[in-house]
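Student: I have a structure open on my screen and would like to talk it through with you. Could we go through it question by question?

Tutor: Happy to! Let's have a look together.

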Amino acid sequence: MNTADWVLVTGAAHRLGREIAQAFAAAGWNVLCHYRMSLAGAQDTQAAVQALGRECLLLHADLAQPDAAEALLQQCLALTGAAPRCIVNNASIFEADDARTASADALLRHFQTNTATPLLLGNALHRWLLEQKLATDGHYSVIHVLDQKVHNLNPDYFSYTVSKLALERSVALQAQALAPLVRVCGLSPGLMYLSGPQTQDNFDQASRVNLLRQPIAPLDVARCAVFIAGNASLNGCTLQADNGQHLVPLARDVMFTIAENPRP
Ligand SMILES: NC(=O)c1ccc[n+]([C@@H]2O[C@H](COP(=O)([O-])OP(=O)(O)OC[C@H]3O[C@@H](n4cnc5c(N)ncnc54)[C@H](OP(=O)(O)O)[C@@H]3O)[C@@H](O)[C@H]2O)c1
């Protein structure tokens, strides 16, 4: 086993998670690739990381379970003998509802997967470091992947937005609580991928609704995560990697705005 640092990326089988895993590998990190349903996708991520000359181990967990965070950290310990230097909480659920129709079930499921488990993973890392009595010098970090939506509110995707708002507000609180052992930062991407019922045509238009009027590059977002992990001065803050999408206010989610105002 080489001696590079390990990063745990949740939901790393596809899309942004895979991009983040590859960006860390390109920067010299080994990768703990977490997945739930997507074993084949996780194996593709593993092959991509290995092709970059780094190790990649797969971890399976359902992050909607209340004990998932502690169990996932125990898996990391069993696989590598230590906790990862960085945890990127990327996995999330994103289901359509709005402020009037949100159900208790949707609110609680989004909160468990998108908010509680990411926060508890940070706490588990902190607890392990306390037990080890290690001086960390800012080299351990937790990165909560957020969304430009939390800086640019509209009432669509309500349960999702509430879960990410809670996580965004927790960045500073958790940074204060886990200091000086663990740094905690947020990373807010804008629209990068086609999701749910969105059509390709809708996505092609929506992905340009930002100050640069061009699609957001997932690799740029992923590199922000690597930057946070490697920069010990960053703590309790959130990077916004969205071509300035958060500065383009809309009354509805961009997907619905485009659908309601089709191209002439
Ligand atoms: N997509 C965008 O344009 C966009 C925009 C802004 C912010 N973001 C944020 O960026 C991050 C990545 O977005 P994405 O679109 O790439 O994500 P995604 O494809 O919607 O989901 C990533 C992974 O999350 C995992 N996941 C969901 N529920 C889980 C559970 N209960 N337990 C374990 N894993 C679970 C799934 O893993 P399996 O497939 O293995 O089940 C899935 O592959 C998210 O935090 C999202 O909120 C995305």
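Student: Is valine 31 buried or exposed?

Tutor: Keep in mind that this is a predicted model. Around valine 31 there are 31 other C-beta atoms within 10 Å. A residue counts as buried at 20 or more, so valine 31 is buried.

Student: Where is valine 31 found, and which residues does it touch?

Tutor: Valine 31 sits in strand β2, which spans residues 30-35. Setting aside residues up to four places away in sequence, its contacts are Val7, Val9, Ala21, Phe24, Ala25, Val49, Arg54 and Cys56.

Student: What separation do the C-alpha atoms of valine 31 and valine 49 have?

Tutor: Val49 is one of the residues that valine 31 touches. Along the chain the two valines are 18 residues apart. Their C-alpha atoms are separated by 7.5 Å.

Student: Which residues is cysteine 33 in contact with, and how far apart in space are cysteine 33 and valine 9?

Tutor: Leaving out neighbours within four places in sequence, cysteine 33 is in contact with Val9, Ala12, Ala21, Ala42, Thr45, Gln46, Cys56, Leu58 and Leu59. Cysteine 33 and valine 9 are 24 residues apart in sequence. From C-alpha to C-alpha, the distance between them is 5.5 Å.

Student: What handedness does the crossing of α1 and α2 have, and which residues make the contact?

Tutor: The crossing is right-handed. By class, the contact of α1 with α2 has four nonpolar, two polar and one charged residues. On the α1 side the residues are Arg18, Ala21, Gln22 and Ala25, and on the α2 side they are Thr45, Ala48 and Val49.

Student: How do α1 and α7 cross, and which residues meet there?

Tutor: The axes of α1 and α7 come within 8 Å and cross at roughly 55°. That makes α1 oblique to α7, and the crossing is right-handed. The residues of this contact divide into 10 nonpolar, no polar and two charged. From α1 come Leu16, Glu19, Ile20, Ala23 and Phe24, and they meet Pro218, Leu219, Val221, Ala222, Arg223, Ala225 and Val226 of α7.

Student: How many nonpolar, polar and charged residues make up the contact of α3 with α4?

Tutor: α3 gives Ala68, Ala69, Glu70, Leu72 and Leu73. From α4 come Thr117, Leu120, Leu121, Ala124, Leu125 and Trp128. By class that is nine nonpolar, one polar and one charged.

Student: Now some backbone details. Which peptide bond is cis, with omega near 0°?

Tutor: Most residues other than glycine have a negative phi, and most peptide bonds are trans. Proline 180 has its place in the loop between α5 (158-178) and β6 (183-189). The cis bond runs from alanine 179 to proline 180.

Student: Is asparagine 243 buried or exposed?

Tutor: Asparagine 243 lies in the loop between β7 (238-241) and α8 (254-260). Its phi is near 55°, a positive value in a residue other than glycine. With 24 C-beta neighbours inside 10 Å, asparagine 243 counts as buried.

Student: And the ligand: which residues come nearest?

Tutor: The shell has 14 nonpolar, eight polar and four charged residues. Helix α1 supplies the largest share, three residues. Of the 26 residues around the ligand, the nearest are Gly11, Arg15, Arg36, Met37 and Ala91.

Definitions and conventions
Residues are numbered from 1 along each chain as its sequence is written. This is a predicted model: local features need pLDDT of at least 70, side-chain atom pairs count only at pLDDT 80 or more; totals for chains, interfaces and linings use all residues. A residue is near a molecule or strand if its C-beta atom, placed from the backbone, lies within 6 Å of it. Helices (H or I, at least four residues) and strands (E, at least two) are DSSP runs, numbered from the N terminus. Ala, Val, Leu, Ile, Met, Phe, Trp, Tyr, Cys and Pro count as nonpolar, Asp, Glu, Lys and Arg as charged, and the others, Gly among them, as polar. A crossing is left-handed if the near helix is turned anticlockwise from the far one by less than a right angle, and right-handed if clockwise. Two residues are in contact if their C-beta atoms, placed from the backbone, lie within 7 Å. A residue is buried if 20 or more other C-beta atoms lie within 10 Å of its own, exposed if 12 or fewer, and partly exposed in between; C-beta atoms are placed from the backbone. Axes are lines fitted to C-alpha atoms, for helices over the stretch in contact, and angles run from 0 to 180 degrees between N-to-C directions. Angles under 35 degrees count as roughly parallel, over 145 as roughly antiparallel, 65 to 115 as roughly perpendicular and the rest as oblique.
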